[in-house]
Every structure is written in C-alpha cells, then in structure tokens.
Amino acid sequence: MPLLHPDRLFPADPATRAIAKRLFAPIENLPIVSPHGHTDAGWFQENRRFADPAALLIRPDHYVFRMLYSQGVRLEQLGVGGGDTADPRKAWRLFAENYFLFRGTPTRLWLDYVFETLFGQTERLQAANADRYYDAIEERLASPEFLPRALFERFRIEVLATTNSPLESLDAHKALRTSGWSGRIIPTFRPDPVVDPDFEGFRKNIAQLGENTHEDTSAWKGYLAALHAERARFRELGCTATDHGHPTAATADLSQGEASHLFARILAGQGSAKEHELFRAQMLTEMAKMSLDDGLVMQLHPGSVRNHNRALFEKHGRDMGADIPAPTDYVHALQPLLNRVGNEPRLTLILFTLDESAYSRELAPLAGHYPCLRLGPPWWFFDSPEGMLRFRETVTETAGFYNTVGFNDDTRAFLSIPARHDVARRVDCAYLAKLVAEHRLEEEEAHQVAHDLAYGLARQAYRL
Amino acid sequence: MPLLHPDRLFPADPATRAIAKRLFAPIENLPIVSPHGHTDAGWFQENRRFADPAALLIRPDHYVFRMLYSQGVRLEQLGVGGGDTADPRKAWRLFAENYFLFRGTPTRLWLDYVFETLFGQTERLQAANADRYYDAIEERLASPEFLPRALFERFRIEVLATTNSPLESLDAHKALRTSGWSGRIIPTFRPDPVVDPDFEGFRKNIAQLGENTHEDTSAWKGYLAALHAERARFRELGCTATDHGHPTAATADLSQGEASHLFARILAGQGSAKEHELFRAQMLTEMAKMSLDDGLVMQLHPGSVRNHNRALFEKHGRDMGADIPAPTDYVHALQPLLNRVGNEPRLTLILFTLDESAYSRELAPLAGHYPCLRLGPPWWFFDSPEGMLRFRETVTETAGFYNTVGFNDDTRAFLSIPARHDVARRVDCAYLAKLVAEHRLEEEEAHQVAHDLAYGLARQAYRL
Amino acid sequence: MPLLHPDRLFPADPATRAIAKRLFAPIENLPIVSPHGHTDAGWFQENRRFADPAALLIRPDHYVFRMLYSQGVRLEQLGVGGGDTADPRKAWRLFAENYFLFRGTPTRLWLDYVFETLFGQTERLQAANADRYYDAIEERLASPEFLPRALFERFRIEVLATTNSPLESLDAHKALRTSGWSGRIIPTFRPDPVVDPDFEGFRKNIAQLGENTHEDTSAWKGYLAALHAERARFRELGCTATDHGHPTAATADLSQGEASHLFARILAGQGSAKEHELFRAQMLTEMAKMSLDDGLVMQLHPGSVRNHNRALFEKHGRDMGADIPAPTDYVHALQPLLNRVGNEPRLTLILFTLDESAYSRELAPLAGHYPCLRLGPPWWFFDSPEGMLRFRETVTETAGFYNTVGFNDDTRAFLSIPARHDVARRVDCAYLAKLVAEHRLEEEEAHQVAHDLAYGLARQAYRL
C-alpha cells in the first residue's frame, strides 16, 4: 500500500474534493519558487553525495529531534548537537521505533513523501523495517541521480534562496554563477549578527564588517556605509531580499544623531537591554530606508524566544528545538517604521508571525491598508495543514489573497522541499475548493488564485 | 450567469446544506432590524437621489478603499478623503480593474449582492465591463425607486438606528418624525466627543454641551446634568441605546469627589494620558448608572488604535482605513463597572471586540455570568463569513445564543444593508445546520434560534 | 423520540461519519479512567442516596447556575450558595423553563445524556414536563441501583481521583480502602491552601499543617518537611498526582536562603502582592523537586481570575460561576522551573490553560520539546465539542498525540462523568476520522490513537 494517497489533504465531501482536485491538477507540477530557506549553496557547488540517512533526515531537522527529545530520547542518542558520534544506523532505528509519535504532524507528511517519492518505500516506517529503510536510502544516496544538482533539477526548482550573514564570503554562490550549471541559487541578506547587539560576538562582528568593507564601522556613518556595501555585494550575486530574525517587531525612528549616540554606547558595551532593543528597532527602519534605495525586499521574522532551554543551549548551542514562540505585538511595534516609510509602494516588507492571534487582529488589518506590507506564509510550527488553513481563514477576509506572498519552505532539509510545496499547494486548493463549493468564489477565479499562490505571488513579491 | 448562487455560504455537504436551506427559508425575508449603524437621517429626510456610483459605493466604504490603497492605489485617484475631486468614472474604472483583489472577502459578497439585486448585473465586475456597470448604476439611481425612502421600504427595514454626537441637532430625526413617512429611524447617543478628553476639540465640545443644555459644564455636576439632559433629548426622538468607542475597555468607579477633581484637571488641560484614560473609564460607569435610570442600552466598542497612519491622518483626517485592532483586556478592565452595576438585570451592556482571542477566554465567560452583559455580533473586520463562524464557535458553548444580540450591519453604505443581513442570516443558518446535522440540536429548536438571531434578539436586546 | 442520536458529534459527511463510527465502536465502552475531578470520597464511603433533583443536578453545577444567573435568575431562587432554602421543585421548574438557554452548550449534551440513560426521559426538558421529570428522577434516586457505589460500577469507572487539601483527614479514603468494596478512589494532593499566601486562612493553615505533621512549619525547613510528609500520607492512600490552581503559571528558582527569607516575611504578614506571587512561583519548583523524589505527577491549572464578582463572593463565597479566564503566559513563566528540572524525563508536569491562544503559540511548542511536559485536555469552559476540536487542531501538529494525557472529566457532578467521557471520545473520533478521510492518518493507526486517547494515555501519564 502506498504511503501517499493521491487525494491527501483534500476535503472529504465528494463535491468539494472534486473541485480541489481540479484546482490542484494544473498547479501540482509548477516549478518551485523557494524565496526563503536555509539550505547551503556549498552543497550544489561541491555536488557531493549526501551522507547517511541519519545525517540527511534526522540531524538537520529540528522538528524530528525535538519530538523525540520531548519523549525522553537524548540528543546524544541521535547524534544531534556537537559530536555527532552516534552510530547513524542506531539513531535511525530509534527514530523508526518512535515514528508513531509523528502521527498527525506535518513532519509525518513530509517524511512519507520523501520515503515514497525518493526512496520507493511503500510501508510505513517502524521498528520492523528500520534497517530495510536504512539500506534503501543508503543505496540511493550513492547514485548520481541523488547528487544535489540532480535533485535540484528533479525537484523543478526555479530559484532557491539561501540565508546568509553579511560576514559570509558567499564563495559558493560566486562559484555557482561561473560554474556553467543552470541552477539559480541566490543569497538572502540576514544582518542579525551585525545589527543585533545580543547576537553572539556582536562587537567582533562589527569589527569584521569594517575590515571586509574597508569602512570605519566604529562610527555610525561608516557602519551604515558598510551595510550598504554588503547589500550591494549580495545584490550582485542575485540577492533580492533581506531577512530579520528579531525577538520582537519593535521599530524606531530616531534622529541620526540619536542613532549615532546609541550605536556608540552599545559598541562601548554600555547599552542596557532596553537600548539593545531600541537599536534593533532603529536598524529595521534603517534597513527599510536602504531598501527604498536598492530595492531589496524586507522579511521580518519576530516573536521567538530563542534557546529557552538553558542546559541544552550550554551543552549543544543554538537551534536545538528549544525556541518557543511568545506573544508578539505588531500594531504599536511597527508604527515608527510605517510612519516613516509605510506609504511607499516601492517598499515591500513581508511580515511573519509565531503568534496566530495576531493574524486577524493585527497582521491582516495592517497588510490590508499599508502599501508596503505583505504577509508571509504561516511560519515554523504553523507550516502545517491546520496552520495553513487557519492562516487563510483568518487573513483572507481582511487582507485578501493579493497581500500575501505565496509559500516559503524555510527548510534546511533539502529533500523535503517538494513535500512542503506539495502540502502547501494542496491545502490552498482545499481552502479554495471550499470557497467555490460555498459559492464564495467562481471556480475559474479559484484557478487563477491557486496559480498565483503556488507560483506567481512569490515571484512578484520577492522580485524574482 | 448570475453573480449570486441561491445556496451561497451554506455548507457543501448535501445533507447539511439541505438543513441550512430549510432553516433559512422562513427567515430570509424577515424585516431588517438595524440597531447600530452609520447612515445619515438626512438622506431619508431630504429623500434626494444618491450621487454617482463612485460616491455611492467607493468613497463611503473604507473596506473598499483600504484594499485598493494597500495595493498602491492612491486615495486621490479614488476621490477619497478631502477634495473628492477625482472623476467618478475614472475612479470606478480603477475599482473595476482591481475588483479581483476582493476575492475571498466579505466586501465582494456584499457588492455582488448590490450589483445583482439592485442593478441587475450578471457578469462579474472587471475592467472590460466597468463602463457598462457605471452607466447601469447611474441610470437606476436617477429613478424614483432608488430614492432613499423607496429603498428603505424595499429593504423591509423595520427600524434603523443612526449614530450621533450629543452635540448634533438631530433636526433630520425630528423632521422625519413629523413628516408623515412611516420609516422608523432613531438616533443613538454616542458621547465620545464629550467624554473622551483625547477627542478633537474636547474642551470646546464641553463648552458647546453647556450652551446647548443651559448647564454649567465647567463643573462635574453640571456636566453630568448636561449629559442627562441630552440623553433625554435623544430618548424623545426614539433613541434606545448609547454607544462608546473607547480605545480600551477600561472602567473605573471613583468617588464623586475624585471624579469631580479629575474632571477639573482635565478641563484645565492638566490631565496626563493616564488621567484621560481614567476619565473615559469613569465615564463608562457614569453612563451605566444613567442607563439604570433612563433605560438606555449601552454598547461598548473598544480596542481600535485609531489613525495608525500619521501621514494619512494629517492629509485626509479620520476614517481612512487606518484604524488597526490591538489586544484588548476585558476581565480586569470591566471589573470596576461590573462591581458597581454588573448584577443589575435592568442594565444591558453589549460588548464588542476586535480581539478575537477574547471571545472564548473573556467575553463568553463574562456574558455567561453577569446579568447585565450581552455580546454584540462580530464587529468590523470580523463581520464576515469566517468571522461570524468563529464567533459562534467560540462563544456559544459558554454563553449560549441568548446572551448574544443578533446582527448589526454597522455600515454607512446604505445599499449594503440587505446584503450584510443576508450574509449574517446565511452564516447563522450554516452554523445551526451543522449543529443539527451533528445531532447537537433538534431542527425544530434550530428554527426558533434562527428566527431569534435574525430578528427577535435584536429587538429584545436593544429594547426596540 | 430519544434525546440522544447514536451518531451525535460525528461529522456530517457520510464517509467521514462512517469512519468515526468505526473508530468509536471499540472504545465506546472502555472503562473510565478519571484522574482529575471533584467528587467526594465520602459519597462512596457512606453510600447514601443522592438528595433531590435540584441538589443533584442544579446546585453543584456552576455551568448550570451561571447561565441561569446571566439571564436574570437569582441564585436564591435556585437554592445555590448558602442557605439552600429554595424549594427544590420550584428550582427545578425554573430550570426547566429556561432549559432552552443551554442550546448549543456542552451542558445540554451532558444533561440530556443523564436524563435519557439514567432517568429514561425521551422528551426534551421544558416547562410542560418539569414535574414529570422531577418525579421520575426522585423515584429512581430512591432505588438501590442509584446508590453511589452502584452507579460507580455501572459507569465502569476503573479509577476515580478526588481533589484534596493537605489539611484533610482523608478518612473516607482510608475507610474505603478497608471497606472491602472494590472501587478504586484515590486522593490528589492539592496544596493551594498551604502554598498560596492569598488563600483564605493561609497562616492558620500553615499552623494546622505543622500540628498535623509535628513539624515546625514556622520555618522554611520544617514547612518543606511537613509538605513532604503530607505527600507521603497521600501516596499511601493511592495518590499519584498533585494539582496546583495558581492565578498564573509563574515559577521561580530561588536559593534556599532566599526562599526561607521570603517564607518568613510572608508568615509575618509582611509580604507584598508581588512577594506572594513569587512565593507561589517558588513553591511550584519545590513541588517539582519533591515530585522527582516521590514520583507524584504535577498538574498546573493557571489563569483564572477567581471571584470576579465581588458582591456575589461576599454574599455566597467561592465557586459561584464568577471565575473568569485571563491571558496567561507560559513561556517566560515556566522557564525557571524548566531550567531547574525540565530535562528530567522522570518528572511529569501536565499543563492546562484557559487561554486558548497559548495552545499553538506556547503550550504545544513547549510540550513538543521538554521531556517533563505534557498537555492536559481542554479545561473548564473548553471541555466542549468545539473546545476539544480546537485543542486537537492547534496542538497536534506541533506536540503530536503522545504529549497529551487523555481526558479529565474534572467534575463534581458525579452523574455527568459518563456523559463527559462520551463527548470526549466522540469528538476525538470525529477529529481522527477527519485525518483518516483526508489521508493524513491510516485508519489502523487511528484505532490505536483513539484507544490511547480514551484510555491508555491517562493511565500512563498519571501513573495509574
């Protein structure tokens, strides 16, 4: 029995399901536009085979190991965080035994898609077939069709954006552009390490930024010039967007004198927590002003309390599945930036949230008014069938479809990219089918919207 | 092909849809009770023809122009805000070109209803038929059947409440009562201009209030007496309710000495932002106490951050589509008022919200306990199919149906009134049909509830 | 016509309903595990007949009397709160007249279940049949099959947990264990009266605790020892869990010196409101540490603003239906405790909420990471079909099914226990049926999950 049903994620009512299938058929195989994610350009530059199944499917996927950890599996047993010394086959068996934990989660949908479409599996993963799975995956990974570039092409990826610090050399991106390979892989400018005073090594990063750009980053003016220069460097490599992972959505609109003074205090190590927050806030507005100049689209991803689990952070570092969402204000937080540049249709600022209560209360009303605002797709924990449905149900009536920007797969699990787009396209078709079945939208219109959500809006919003 | 399907907004499942249709049939044509809205009594008093299509359907409708604005259309192109100088036909064409933006929104449902039922259109509005639409609407507006009183009767409006400042003369209301015309149009007492110290011209308004009532409104006692007098004046013209548009739901229960002192400080221009808030809070309790005397039903509409877009406000003034909801506390905020008068069944205080997270957490538990409390229908951005469903789904299990008050169309777009009640009646029937189909309610009971939600509860709650 | 339809609460779509029925059939009659509730062990120890219908079904049920109160019925008319002097038949008639108020509420589902399955009624309760109902209930209550122990067995209750103060003698529990009756009834350790400085009689309670345990509870060390001793006493009587009803989820991790000093200040009556909160916060961490020693499972029930209605509280005391939920933070609040013991799989801390916005934002992400955390079922106002569906829909995709703990009936209305489990089992099957119908889960897996949700998870999580 196959793992995937062709009608998965479509509404059960037969008439509605039929509509969903008609909407999905023409968009199922559209090229993938992936404007936001965390893959590594080096994979495609080097084009080496992926390592073992555990390294490929367990270790890089925080959805997978956080669930196992929540049920008492230790990260060391999985080879996650640090040494990576666990025997990959043992880790895989542990994962297989516990695969039932993922029932009802999107991880299960993504993995089954990968297991069936890439590795030909037709039996649900469990303790009994763990080794068979492992061997089958191992075997395929060794074949040329499973090299990164081959998969990129097989996945019909039209463009893939990575996420990069201004301090990165982007050598892989550069090399790819002269490699003769046709795959389009572009960087995204993520300045958190040099605009967030709480980022590890902030002051060292600022100094490094100065060296890299030959600007005096010990002063406000040189610091801004350095950021400008780095943005230009990214743009030359195809970058069309910036990304900002702040703890809150706070923005500020200080005078340049105030900002300069604040920067000096912070660089001198005299900034309070509140001043650090103010600085991040000001930098969002500075980034918006630069975007008006250079056309880079902004993305704001606020609201995560990072490294909530102190012991885990001290032992294993960042990204151990212990980032937890918190309530996030947008209405007051964004006002300074919006009052500065919010009426500029030339600016695009894409907002994300981990606080779903803000969808209908703040985000849709804001995006349904300000010309610069668009709403990013459901993010992180909400990148799931129910999460996507809630997004459409709470956002569409106020902001419409055309203040949203299509789908982001947002993953470092390269193999899951098609699975994630498949889920998003299906759920959007399910939502649209309901509107059609309830005579809130004509089917012909729904076809256009489905195409836009799957393909057109991402290209347009991210200027791809 | 018609724009409206007879089964629109009913669930797709055939058996459930059949129930919804049976529930809807007897209530579809019930008279409209409209206890809260923003039409102008002068329209009916003067009974002059409505102006052009743009003036009728675009300019007064913030849902329409905020969406267009969010996609880069300038308000000037629509003739919105200030000069109203844009060529109405050009504005209409721009609207028609962008009509696809409203897919999935309630605005689309309301407008299609108006286009088909009033103007006989059967093709979706788009660039290609913009002029045809325009001419058809123009032609009908010139006919006697489209004069305000004729439409009022055609719409089967049993009673229509307007919203009025205590400083208004209410001449049109007075004239209507002696005009011989049978239409029942009543004012609502909205004292924001004279109870909110942050309202434009507050101190001037207080002085005006004194002149109008021959009371000394420079002192607390005279101020209260003046408000009492104005309430009486409104009641003589049929008014049964007050309405309060505060930024928060804060209430207070100061001693009369404290209140008097606070009033003096504020009138002297010495009040802090916090004191302004405290004054508004106290005035809600004062209004509640007056309601115990004179029987006026209170409505509280908190939670909107008004004029969020500073540049737009400075250029075009209020109500430009830039009011954005914010998180709203009810539990602590209402306690002072409720501890003062909350156990009085003679008082009715109808609560609204723009923060849907409060429905199940605060509003339903409060309304399901306090004898004075009732829940107003989903408001503003939530006056929509999904918004209405969420309201019923999150409120009913704790507060039941009988602590709610039926529907408010809440509009200044007169032509959309039947469309809005049509949507509300259909969505309520869809919800009830689901309860019946899942054997949570008998169909016979659902018929009674449907009638109450469409008609009876509004009359009862608003004492009409 | 019966009051209960065999397909109640199942989705209307025929194919999905068929799946739900197949899932429900094997779990419908599983034994009831009731690990959290408010029944009285004395009922079963004494095994006396229940009093009249009003005393049985109206007075102990805050869902019933709060709704009646919200519509203007006075508590005195129902015999609720204090004197209980109202004529029970008159109270019953008032209830019957107003039974329509419960349309769409879970109370209606529970009561109809009781009316039909226990008292053989087949006509909906209303004014006309009030006396017939009353007499029928009276008659049955007098029969031996309606004695508490007989009902316990008829209900197939495998284990029933009560909720008890450390100051209680637990005599009924003791007597039951030596009575020869096979019913398993266990206490739950609820230390609020001796860990919450705002609890009525706190200092007296601490003194009493000292007397009971022969510990010096005027000092921190003796106080902790006394709590330890009481926990041991509860465990000897079968207790497996503690329960904590704090206003917030705040936790703290003070040094023992700081904690000792804080305790002294509070006992001396010198604690501020903030210090009272800090003390409660610290005591949650102390309880967690004791749980690591003695294995008691912790339950945290935060977020209720108790006794919101001052006049009612002063007249009738606690639990008069006037406890109102408020926004509740978990992410920051729980961090001190979690940083202390959160990575211990030996600890189980079950979290509940009255703030549904925390489900997807905070609770599921926390429970999907920390080994010690599990999510309790929807609580209080959300113990309802829509509330349960929202819980599954917002929690499952991030935390899965296996970080939840099955159902709590949480009631003092003993007769409603089977009705409540019936609703929970049906709603879970409805949710699972949707997953199966949309090919998100295999039906075979859904059978296992349904069994776990109805039975296995409660036993496992509560260590029963």
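1. The model is predicted: local features need pLDDT of at least 70, side-chain atom pairs count only at pLDDT 80 or more, and totals for chains, interfaces and linings use all residues. Residues are numbered from 1 along each chain as its sequence is written, while chains are lettered from A and ligands numbered from 1 in the order in which they are written.

2. Chain A has an open sheet of 3 strands, ordered β1-β2-β3 with parallel pairing. Its edge strands are β1 (32–34) and β3 (185–186), each of which pairs on one side only. Helices (H or I, at least four residues) and strands (E, at least two) are DSSP runs numbered from the N terminus, and strands pair if DSSP finds at least two bridges between them.

3. Strand β2 (residues 157–161) of chain A runs parallel to β3(A) and is joined to β3(A) by 2 bridges. Opposite A:L160 stands A:I185 in β3(A).

4. Chain A superposes on chain C by a rotation of 120° with 0.0 Å of shift along its axis, at RMSD 0.0 Å. The two copies are therefore related as by a three-fold rotation axis. The superposition is by least squares on the C-alpha atoms of residues with pLDDT of at least 70 in both copies.

5. In the contact between these chains, 39 residues of chain A meet 38 residues of chain C; contact requires C-beta atoms, placed from the backbone, to lie within 7 Å. Elements giving two or more residues to the chain A side include α7 (106–117) and α19 (385–399) of chain A. The largest share of that side, 4 residues, comes from α4(A).

Definitions and conventions. Contact = placed C-beta atoms within 7 Å.
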